Amino acid sequence: MAQASQPSMNRPIKPSGKLPYWVEPAFTIVAFGGFIIYSLWEVLFHNTGTYHNYVSPFFSPGVAGWFGFHVLTALYVVWVPFIFRFSCYYYRKEYYRAFSFHPFGCAVAEPKSHRNRSYKGEWKINNLHRYTWFLAVIVLIFLWKDVVEAFIFPNGFGVGIGSLILLINAILLTGYTFSCHAFRNMIGGRKDCFSCTAHGQSQKTTSYKLWHRISEANVFHGTWAWASLFSVWIADLYVRLLIMGVIHDVRLF
Amino acid sequence: MSEQYVLSIFRGDQNGGEEQEYQVPAIPGMVVLDAVHYVQAHDAPDLGVRWNCKAAHCGSCSAEINGMPKLMCKTRLDEYQGQVVHIQPMRTFPIVKDLVADVSWNYEVAKKIATFTPVNAAPFRMQQWDVDRVQEFHHCIECFLCQDVCHVLRDHDAKDQYFGPRFMVKMAEFEMHPVDGADRIPQLKNEGGIGMCNVTKCCTEVCPQHIHITDNAIIPLKERVADRYYDPIRNLIRRLTKKEESSSSTVPSKA
């Protein structure tokens, strides 16, 4: 039941806030765009991401090696985090605002070109985010294995800058993965009543406590998302620069 | 001469209109609604403005202040020092007069939603930590700022395809209630148009009650719709077990 819209008014003003409305989408375009260009360079022009005991997150797990493939080896892995992030509820906000201008900012009029195209809502494929979560968890397990190996040097246990970078990366990715909205639903969000399974007892159930914890982490899902994106970027760049001989790893002890 | 604010207020109706400027003396702690009342009392007694509690509880004085949907009673004028303060009616709804928008469409939508449907007769016995989640949604004051800023309604005028964030909150409030037994998932997917929301979170940003509309209402409901309609493995299990999934809740056993 569409209603008559308002008569045209002179609206010279753009919404004002703490920051200009275009700052956030502009940041998204620069950060995302930069990351995508970097990823393409990494995936298309490099076939290994291993430097001694350090493995780049772009190349772990070594799926290509399992099947004997030696070209575009990162491609066999990076599609998992890509579809996980693409279908992520937080990133939907960012890319719908920054790349498709639906809308560019709150209360900012959409471009005139949108008037000739009917809006059909979000892509239904995004409903499969829950499956991409499981795939992301599998990759995450391998990244934690890489972290352990990053602390094991030929002469035994040690700590290098690379070890710490890979550790921080795994922590941030774990925070991002387990603060996911789909995981929050799986872990208990679809329940209407937690105490029902506890026969109405007043003690909070484990299921409720877990859901509550995930809900607390979920508040910062966007922060986890950006932090983990940059940590992946930094971790891969560090390993790449080591491989290229541009820098040398510093052993702390 | 004391400090003054310049207000540029939309004056007009369905047939059109334009902004007119008014000078208002600055008083410490003044909110936009105070200034509009000053204009009404001194310069424009026929200025149309809807208000009631002046305490951010009734949700009546919604408007667009310098382009951003806000409650006039909760917006301090000193936020706009040195600027002309543009005040316009909510853009998503038809204008009645000046700052008054016709929000009756929202009440028509509300009638379509199955209200609280308890599986057992009152009194209900439930744990506080079970109802904390839905009590967040009770804070809604129906100011309709979320409806106003939602681009699906605002830019695409898709009022026949999407109920809007306010009613996603309302449906979440009932759907997640521990003793509610109604199934609103098919309505959410079809008539309610939850798929029209692309999670850009503007509704959350403008909510004066700080309800996490997207994260706590819309996305959990989207996940429930995905559980029912877009999860091939759950669908397969349902078919194999011939089990119809229902969102009906179980009532805690009574002592």
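Mentor: Let's settle one term before we start: a residue is buried when its relative accessible area is under 20%, exposed when it is over 50%, and partly exposed in between, using a 1.4 Å probe and protein chains only. What you see is a predicted model, in which local features need pLDDT of at least 70 and side-chain atom pairs count only at pLDDT 80 or more, while totals for chains, interfaces and linings use all residues; side-chain values use heavy atoms, without hydrogens and water. Residues are numbered from 1 along each chain as its sequence is written, with chains lettered from A and ligands numbered from 1 in the order in which they are written.

Now to chain B, which is divided into domain 1 (4-101) and domain 2 (104-241), with bounds from an automatic or database domain assignment. Their C-alpha centres lie 31 Å apart. The contact (heavy atoms within 4.5 Å) takes 16 residues from domain 1 and 17 residues from domain 2. Together the two domains bury about 1300 Å², 55% of it on carbon and sulfur atoms; buried area is the accessible area (1.4 Å probe) that two parts lose on being put together, summed over both. On the domain 1 side, B:Pro69, B:Thr92 and B:Phe93 supply 43% of the area buried against domain 2, more than any other three residues.

As for charges, the count between these domains is 1 salt bridge, meaning a side-chain nitrogen of Lys or Arg within 4 Å of a carboxyl oxygen of Asp or Glu. B:Arg154 forms a salt bridge with B:Glu64, their closest N and O atoms being 2.8 Å apart. Strand S3 (62-65) and strand S4 (68-71) of chain B each supply at least two residues of the domain 1 side, and S4(B) gives the most, with 4 residues. Strands here are DSSP runs (E, at least two residues), numbered from the N terminus.

B:Asp98 counts as buried because its relative accessibility is 2%, and B:Arg11 counts as buried at 11%. B:Asp98 also forms a salt bridge with B:Lys97, at 2.8 Å between the closest N and O atoms; B:Lys97 is partly exposed, with a relative accessible area of 33%.
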